[in-house]
Amino acid sequence: DLGQDKGVNTDSYLEDGELGIFAVADGLGDHSSAEVASGLATRLLREYLSEHRALLEQFAQDGSDRVRVLKALEDSARKTGYAIYRKAQEDLSRRGMGTTLSALLLTPTRGFVAHVGDSRIYILRRGESVQLTQDHSLVSDMIRNGRLKEGDPQLKAYRDEVTRALGIYADVQVDT
């Protein structure tokens, strides 16, 4: 969905049932840089997570090392962010490019989430949806801190301001 303000789709997605990883990335910035950032995010996340295939297969068999699986997902997202940052530093026209990333790693017994930005992951149970991730946006921060309320007209001015994204800085905090 291009949304109301975009004329171009800067989203990318990842669907790898064999690896068990599913993700969406929404590029930030101008059209070409946003597309590059989101495309890199999904491609590199798969690549970096593939390096942990043996760990994922072991977890699928015996459920051991849950913490290591979560760390592998988090590290893969952070490495992806660093790679996008480096790519932007090499090309002045792409400086400041970034992307959101919401990823779900499914195993036979558990799901693991890695999240940066304001793309969301929901869980659907018995017809009800529950948001699992918390938006990293100025609007969400203002509402959480009680500075503004949902529906306040001032929120429109800040609705596209993301407070965390892959690639903007060399490192990023990933919610897992």
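These legends describe close-up views of a predicted model.

**View 1**
D16 pairs with R46 in a salt bridge. Their closest N and O atoms are 3.1 Å apart. Is D16 buried or exposed? D16 counts as buried because its relative accessibility is 14%, and the cut-off for buried is under 20%. R46 has 34% relative accessibility, so R46 counts as partly exposed. Side chains of opposite charge can pair when their charged atoms come close. The structure holds 10 salt bridges, and D16 with R46 is one of them.

**View 2. R94 forms a salt bridge with D91.**
Here the closest N and O atoms lie 3.7 Å apart. D91 has a relative accessible area of 30%. That value makes D91 partly exposed.

**View 3. R164 forms a salt bridge with D175.**
The closest N and O atoms of this pair are 2.9 Å apart. Where do R164 and D175 lie? Both R164 and D175 sit in the segment after α4, and helix α4 covers 138–144. D175 is partly exposed, at a relative accessible area of 23%.

**View 4. Strands β6 and β7 form a hairpin.**
Strand β6 spans residues 122–125, and strand β7 spans residues 128–131. They pair in the antiparallel sense. How many bridges does the pairing run over? The count is 4 bridges. I123 stands opposite V130 in β7. Between the two strands are 2 residues. R126 is in the turn, with a positive phi of about 50°.

**View 5. I21 and L105 belong to the largest nonpolar core.**
This core has 31 residues. Which members touch the most others? I21 and L105 do. Several elements each supply at least two residues, including β2 (21–28), α3 (66–90) and β4 (101–106). Helix α1 gives the most, with 7 residues. Nonpolar side chains tend to be buried together in soluble globular proteins.

**View 6. I21 contacts residues beyond its sequence neighbours.**
Neighbours within four places in sequence are left aside here. Among the contacts of I21 are L14, E15 and D16. I21 also contacts L45, L49 and L73. A103, L104 and L105 are in contact with I21 too. D16 is also the salt-bridge partner of R46.

Terms used
Residues numbered from 1 in each chain as written. Predicted model: local features only at pLDDT ≥ 70, side-chain atom pairs only at ≥ 80, totals over all residues. Heavy atoms only, no water. Salt bridge = Lys/Arg side-chain N within 4 Å of Asp/Glu carboxyl O. Buried < 20%, exposed > 50% of the residue type's maximum accessible area, 1.4 Å probe, protein only. Pairing = 2+ DSSP bridges. Core = buried A, V, L, I, M, F, W, Y, C linked by side-chain atoms within 4.5 Å. Contact = heavy atoms within 4.5 Å.
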